[in-house]
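User: I would like to go through this model with you, starting with its sheets. Could you take me through the strand order and then the parts around it?

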Amino acid sequence: MSAFKSDFLRVLDERGFIHQISDPEGLDALFKAETVSAYIGFDPTAPSLHAGGLIQIMMLHWMQQTGHRPIALMGGGTGMVGDPSFKDEARKLMTVETIQENIDGIKKVFSNYLTFGEGPRDALMVNNADWLVKLNYLEFLRDVGRHFSVNRMLSFDSVKLRLDRDQSLSFLEFNYMILQAYDFVELNKRYGTRLQMGGSDQWGNIINGIDLGHRMETPQLFALTSPLLTTSSGAKMGKSLNGAVWLNADMLSPYEFWQYWRNTEDADVERFLRLYTTMPLDEVARLAALGGSEINEAKKVLATEVTAMLHGRADAEQAAETARKTFEEGVTADTLPTVTVDRAAIAEGVGILSLFVSAGLASSNGEARRHVQGGAVRVNDQPVADDRRIVTEADVTADGAIKLSLGKKRHVLVRPS
């Protein structure tokens with residue numbers, strides 16, 4: 001049983017979200033006594049978050065479900081600098097236009113997890129560019145910069161890692177932790193925010209904000225971090241063999257997202273059900289106890305529930321049905337991921353290797369050739385042994401498409417147009 005008395009911390013503890021808390025007793029008492037505002041920052045480094053960021057979104061979801069106010073902070077200002085934490089080299093600087101486009105893309109998924117509005121418990125989405133862009137540099141140095149010890153900043157693991165590498169840490173990046181700390185103080189001033197949450201790699205940055213708040217006479221601020229997750233085999237969450245597992249449907253279809261979770265390793269099923277779904281823990285325990293081939297049913301439940309939260313129940317159930325038809329009945333489902341290829345090209349004939357690259361099933365001809373040599377490539381469910389195989393109009397089925405398969409679980413329909 002959890003030792004926490006507040007609903008929020010008890011839920012997070014029971015479901016496996018907590019790695020570190022700066023003052024567990026103090027934070028528990030705060031959540032027990034009042035409606036708390038807490039935030040998580042999101043870097044606009046791409047037009048979508050990927051599955052690795054879902055744990056943070058779920059923490060905000062549980063905040064609201066237990067009666068508190070979550071704040072999603074978009075890093076429109078800090079994104080102009082780039083977080084150097086534990087990075088081997090400096091991030092490429094983005095234009096203001098790119099940052100805004102990325103923020104517009106990232107925003108799309110939050111309404112599926114949070115209820116936004118004007119009420120005391122309604123979620124907020126704010127952009128730190130609103131205050132960082134307007135800062136007067138000299139005033140900021142005098143009022144905020146004087147509270148930071150360079151000696152202490154150099155002691156952080158995230159900084160030391162870069163100082164030990166060939167890539168130097170620029171003064172621009174060195175300022176990032178100051179700006180992030182200032183965000184915490186500014187959010188407290190504007191919205192009464194008392195807690196910053198994030199992944200465990202953000203601990204030093206969050207503690208900086210607490211220390212700055214103390215020096216600038218805010219109420220006591222708090223830090224809570226979640227574990228940085230990897231799969232049981234050591235793979236990073238949010239990454240697949242085909243690249244990032246994006247949350248936006250225009251970058252990864254609901255079916256492909258469903259498949260990512262369906263392919264969860266056996267040892268991860270219970271942990272992922274706790275973290276990424278809202279299913280009752282007794283039902284999670286029942287599913288996790290399934291043995292042998294039955295664990296695959298638990299994986300389907302996991303995939304459907306995670307997909308339903310992100311893309312809606314209808315898309316999740318359609319993805320599950322597409323998978324059932326494809327794998328259990330061996331039929332070609334219209335809802336498989338689809339790419340279009342110029343009909344004239346198919347008429348002339350397209351090499352299997354380049355077609356696999358065009359379909360997104362391989363990143364290069366060399367990779368596609370290795371898949372052929374490994375016996376993993378099929379066209380219309382027939383194995384391909386020759387990497388010089390030409391795909392023509394004769395391969396177009398009565399459904400008007402060519403089904404490409406990589407192994408047993410990845411399929412794409414190619415439609416001539």
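**Sheets, core and selected residues**

Analyst: An open sheet of six strands, with mixed pairing, has the order S1-S6-S5-S2-S3-S4. Strands here are DSSP runs (E, at least two residues), helices are DSSP runs (H or I, at least four residues), and both are numbered from the N terminus. Two strands pair if DSSP finds at least two bridges between them. The model is predicted: local features need pLDDT of at least 70 and side-chain atom pairs count only at pLDDT 80 or more, while totals for chains, interfaces and linings use all residues. Residues are numbered from 1 along each chain as its sequence is written, and side-chain values use heavy atoms, with hydrogens and water left out.

User: Which strands stand at the edges of that sheet?

Analyst: Strand S1 (20-21) and strand S4 (124-127) do; each has a single partner strand, so one side of each is left without a neighbour in the sheet. S1 is joined to S6 by two bridges and the two run antiparallel, with isoleucine 21 opposite leucine 224 in S6.

User: How many bridges join S2 to S3, and how many join S3 to S4?

Analyst: S2 and S3 run parallel and are joined by six bridges; alanine 38 has proline 70 in S3 as its bridge partner. Between these two strands the chain crosses through H3, and this β-α-β crossover is right-handed. The term means that, with the strands pointing away from the viewer, the path from the first strand over the helix to the second runs clockwise. S3 and S4 also run parallel, with four bridges, and isoleucine 71 has leucine 124 in S4 as its bridge partner.

User: Are the faces of S3 covered or open?

Analyst: Both faces are covered: Arg69, Ile71 and Leu73 on one side and Pro70, Ala72 and Met74 on the other are all buried. Buried means under 20% relative accessible area, exposed means over 50%, and partly exposed is in between (1.4 Å probe, protein chains only). In a regular strand the side chains alternate between the two faces of the sheet.

User: And S5, how does it pair with S2 and S6?

Analyst: S5 pairs with S2 in the parallel sense over two bridges, and tyrosine 39 stands opposite glutamine 196 in S5. S5 and S6 pair in the parallel sense over five bridges, where glutamine 196 stands opposite alanine 223 in S6. From S5 the chain crosses through helix H11 (residues 203-215) to S6 in a right-handed β-α-β crossover. Five of the five residues of S5 are buried.

User: Which strands does H10 lie across?

Analyst: Helix H10 (residues 176-191) lies across strand S2 (37-42), strand S3 (69-74), S4, strand S5 (195-199) and S6, and runs at about 145° to S2. Axes are lines fitted to C-alpha atoms, for helices over the stretch in contact (heavy atoms within 4.5 Å). The angles run from 0 to 180 degrees between N-to-C directions.

User: Back to H3: what span should it have?

Analyst: At 1.5 Å a residue, its twelve residues should span 16 Å, and the end C-alpha atoms of H3 are 16 Å apart, which agrees. The expected span is 1.5 Å times one less than the number of residues. Eleven of the twelve residues of H3 are buried, including Leu54, Ile57 and Trp62. Just after H3, glycine 67 takes a positive phi of about 95°.

User: What about the nonpolar core, and which residues have the most contacts inside it?

Analyst: The largest nonpolar core has 68 residues, and Phe110, Met197, Trp261 and Tyr276 have the most contacts inside it. Its largest share, eight residues, comes from helix H3 (residues 54-65). Such a core is a set of buried Ala, Val, Leu, Ile, Met, Phe, Trp, Tyr and Cys residues joined through side-chain atoms within 4.5 Å. Not counting residues up to four places away in sequence, phenylalanine 110 touches Phe42, Leu49, Ile57, Leu60, Ala72, Met74, Phe116 and Met125.

User: Changing topic, is threonine 231 buried or exposed?

Analyst: Threonine 231 is buried, with a relative accessible area of 12%. It is found in the loop between strand S6 (222-226) and strand S7 (239-240). Residues up to four places away in sequence aside, threonine 231 touches Met237, Glu265, Asp268 and Arg271.
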